[in-house]
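Reader: Can you walk me through the pocket and the ligand? Keep it quick.

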Amino acid sequence: MNKKKRILTGDRPTSRLHIGHYVGSLENRVKLQDEYEQFIIIADVQALTTHFEHPETLKQNVFDLCIDYLSVGIDPEKSYIFIQSMVPQIAELTLFYSMFVMVNTLKHNPTIKTEAAQYGFKDLSYGFLGYPVSQAADITFCNADLVPVGEDQIPIIEVTRKIVRRFNSLYKPILKVPEVLLGSCPRLVGLDGNAKMSKSMGNAVFLSDDEETIFAKVKTAVTDPARVTLKDKGNPEVCIVNEYHKVFNSDDYDNICSMCRNAAIGCTTCKKRLSEVLNTLLSPIREKRKYLEEKPEYVKNILIYGSEKARTEGAKTLEKIKEAMSIQYF
Ligand code: TRP
Ligand code: SF4
């Protein structure tokens, strides 16, 4: 009997992962894969909520995302990486839950509202409005205990918790109410000072960026605008570069703050130091990616294996769900 608690976590295969994902949740996923039985979902169906006009982009993105996971240190011997659409039980579960989730709960969900505004949706598709329901199915198909994600996912997981409680009280208390686990930096600001690092805002450092790209991107980062010349004393508290030092270079953080305040370091040097730190973090990840990019069969087999395991677990859960709902007839 496997007594390990379970993690269910994952991402949409819409863009490459960036360093915000790393400190938001990837780091946790790598750290916890020994202690927990971990399932990582590549949410291709959820990606269709916004990318339904271009399903042909998914295949490459699914592979890229899987390579992102493997290159940061997700170990396929310890974690199951699987594709959402390859686990039909998730779709089935979504349908059952959708019977008792109220449209108003979804319409007023902060993440749904923010994303709808971001995409400029005038009306919402049934699938987009309902993606928190399908995410609840993602999380509960294996009865997960813990969900490591970034801060933006909190309102969505709150819906999962609500659904689980409702299910348990309507039918039979068989589902666990999952907990959210936030990373060391649950929301990393963008290089441009925007509240969030994201591909669509063009302010992200991707795990796959090469050394030169990182130097070039960090050069554009927003610093203390009042610090015009080298002799001006800076205020590190209003500087994005410094926020990154705090997250990625914590040992040197206090030192950099005081040098900035005393004008003992220039912004160019300070940025160069940050780029070096980021490159030290990313260079082994890049190496591993290069290796994996040449092994598409290996990556494919990991996805097939993970999806198979997810289907097996999904089938077990579905049986219990149907029994609890009294719709297991024979
Ligand atoms: N909504 C998540 C995102 O946009 C992706 C996701 C889908 C997810 N299903 C999940 C995350 C289940 C955690 C658990 O990044
Ligand atoms: Fe920011 Fe560093 Fe310049 Fe200070 S020296 S303003 S912390 S980039």
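Author: Starting with the lining of the largest pocket: by class it has 16 nonpolar, 19 polar and 11 charged residues. Nonpolar means Ala, Val, Leu, Ile, Met, Phe, Trp, Tyr, Cys and Pro; charged means Asp, Glu, Lys and Arg; the others, Gly among them, are polar. This is a predicted model: local features need pLDDT of at least 70, side-chain atom pairs need 80 or more, and totals for chains, interfaces and linings use all residues. Residues count from 1 along each chain as written, ligands are numbered from 1 in written order, and side-chain values use heavy atoms, without hydrogens or water.

Reader: Which element gives the largest share of that lining?

Author: α6, with 6 residues. Helices here are DSSP runs of H or I, at least four residues; strands are E, at least two; both are numbered from the N terminus.

Reader: Switching to ligand 1. Which residues are closest?

Author: Arg12, Gln46, Gln135, Asp138 and Gln153, out of 14 that surround ligand 1. The shell takes residues with a heavy atom within 4 Å.

Reader: What are the distances to its nitrogen atoms?

Author: A polar side-chain atom of Asp138 is 2.7 Å from a nitrogen of ligand 1. For Gln153, the distance from a polar side-chain atom to a ligand nitrogen is 2.9 Å.

Reader: And Arg12, how far is its side chain from a ligand oxygen?

Author: 3.2 Å, from an N or O atom of the Arg12 side chain.

Reader: Which element gives the most to the shell?

Author: β1, with 4 residues.

Terms used:
Polar contact = N/O pair within 3.5 Å; in protein donor to acceptor, adjacent residues only side chain to side chain.
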